[in-house]
Each structure stands twice: as C-alpha cells, then as structure tokens.
Amino acid sequence: EVQLVESGGGLVQAGQSLRLSCVVSGFTRDDYTIGWFRQAPGKEREGVSCIRSNDGMPDYADSVKGRFTISSDSAKNTVYLQMNNLTPADTAVYYCAAPATRAVRCASNAPGFTLLYHYWGQGTQVTVSS
C-alpha cells in the first residue's frame, strides 16, 4: 500500500529554519515525481516544490524559490524539504504527495498541479511567528 508520512514541523520565529521529512513506502521514490504542498487556514492547497522522477531535478513555487530546497535520499526512500528564512506567510499544514501517474510534470507554479496527486501524507504543521 502506498503511504507517505511527514514529520519535522513545529513552531519557529521568522528567519529560522525547519527541515521536513517524507518517508514513502509501497513504491520507489525515484520512480515518481514527488511534491510538497501546503494549505493555510481558509486557503486552497498550493504547490510548494517537487522533485522529478527521472533525474531528481527540482522545481519551486515563486514564493519559496531561493529559500527552500527539496532533496531525496534513495537509500531511505525519503524526500526532504529544507526551509530557510521562514516568514509568517509560510505558516500552513505541509503535505507530501505522490501522483497516480508516476512521471507527471514537475511544475509547482502550474495551475491544477495539485490535481495530479492522488496519494497524500497526513500533514505536518508549520507555524512561523514574527
């Protein structure tokens, strides 16, 4: 069974960092384009970052580019999201997800990108205070 489990969220002050982890099971991470998403209260879930299945190339939402870094550890079947210089606007529940079609386009800024994903983790809360 496909499972994704996030961890690493917490409460931090603006300017600080967090690293989120997503342990995947039931499939090999490198065969799928894995995405990170977030949902703030009262807002729709949005793409944050993704890592491409074939070569591990990343993509980032404009709002996080230059601050966040996505990576993958093949041996651990784990995807990470390093989040630096956090701001209150980053406050949200963060989810990792896998698509039904394994090699989807890795384009976090594209409209409807969220709709490509069918398997979701439980989410981890990130709260950034000023």
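Reader: Is the disulfide link of C22 and C96 right-handed or left-handed?

Author: This is a predicted model, and what follows is computed from it. A disulfide joins C22 to C96, with 1.9 Å from S to S. The angle about the S-S bond is 70°. The link of C22 and C96 is therefore right-handed, and it ties together parts that are 74 residues apart in sequence because C22 lies in strand β3 (residues 18–25) and C96 in strand β9 (residues 92–99).

Reader: Are C22 and C96 buried or exposed?

Author: A residue counts as buried under 20% relative accessible area. C22 has a relative accessibility of 0%. C96 has a relative accessible area of 0%. By that cut-off, C22 counts as buried, and C96 is buried.

Reader: What is the angle about the S-S bond of C50 and C106, and which parts of the chain does the pair link?

Author: C50 and C106 form a disulfide with their sulfur atoms 2.1 Å apart. The link is right-handed, with 115° about the S-S bond. C50 sits in strand β5 (residues 46–51), and C106 belongs to the loop between β9 and β10 (117–120). The pair, 56 residues apart, thus links distant parts of the chain: strand β5 and the loop between β9 and β10.

Reader: How many disulfides does the whole structure have, and what is the pairing of the bonded cysteines in sequence order?

Author: A search of the whole structure finds two disulfides. One of them joins C22 to C96, and C50 and C106 form a disulfide as well. Both C50 and C106 are buried. With the bonded cysteines numbered in sequence order, the pairing is 1-3, 2-4.

Reader: How many helices and how many strands does the protein chain have?

Author: From the N terminus on, the elements of the protein chain run β-β-β-β-β-β-β-β-β-β-β. The count is zero helices and 11 strands.

Reader: Which value does the radius of gyration of the protein chain have, against that of a compact globule?

Author: The C-alpha atoms fill a box of roughly 40 × 30 × 25 Å along the principal axes. A compact globule with 130 residues would have a radius of gyration near 14 Å. The value for the protein chain agrees with this: 13 Å.

Reader: Which residues is L81 in contact with, leaving aside its neighbours within four places in sequence?

Author: L81 is found in strand β8, and L81 is buried, with a relative accessible area of 0%. L81 and L20 are 61 residues apart in sequence, while their C-alpha atoms are 5.0 Å apart in space. Leaving aside its neighbours within four places in sequence, L81 has contacts with L18, R19, L20, W36, V48, S49, F68, T69, I70 and Y94.

Reader: Is V93 buried, partly exposed or exposed?

Author: V93 is found in strand β9. Leaving aside its neighbours within four places in sequence, V93 is in contact with F37, R38, Q39, G123, T124 and Q125. The C-alpha atoms of V93 and V126, 33 residues apart along the chain, are separated by 6.0 Å. With a relative accessible area of 21%, V93 is partly exposed.

Reader: What is the phi of N77, and where is N77 found?

Author: N77 counts as buried, at 15% relative accessibility. N77 is not a glycine, yet its phi is positive, at about 50°. The place of N77 is the loop between β7 (68–73) and β8 (78–83).

Reader: Is N85 buried or partly exposed, and in which loop does N85 lie?

Author: Phi of N85 is near 50°, a positive value in a residue other than glycine. With a relative accessible area of 44%, N85 is partly exposed. N85 lies in the loop between β8 and β9.

Reader: How far apart are the mean positions of the positive and negative charges?

Author: The accessible surface of the protein chain comes to about 6600 Å², and 47% of this belongs to carbon and sulfur atoms. The protein chain has 11 positive and 11 negative charges. Their mean positions are apart by 3 Å.

Methods. Residues numbered from 1 in each chain as written. Predicted model: local features only at pLDDT ≥ 70, side-chain atom pairs only at ≥ 80, totals over all residues. Heavy atoms only, no water. Helix = DSSP H or I, 4+ residues; strand = E, 2+ residues; numbered from the N terminus. Rg over C-alpha atoms; globule rule 2.2 N^0.38 Å. Areas by Shrake-Rupley, 256 points an atom, 1.4 Å probe, with all protein chains shown as cover. Lys, Arg positive; Asp, Glu negative; His and termini not counted. Charge placed at Lys NZ, Arg CZ, Asp CG, Glu CD. Disulfide = S-S within 2.5 Å. Buried < 20%, exposed > 50% of the residue type's maximum accessible area, 1.4 Å probe, protein only. Contact = heavy atoms within 4.5 Å.
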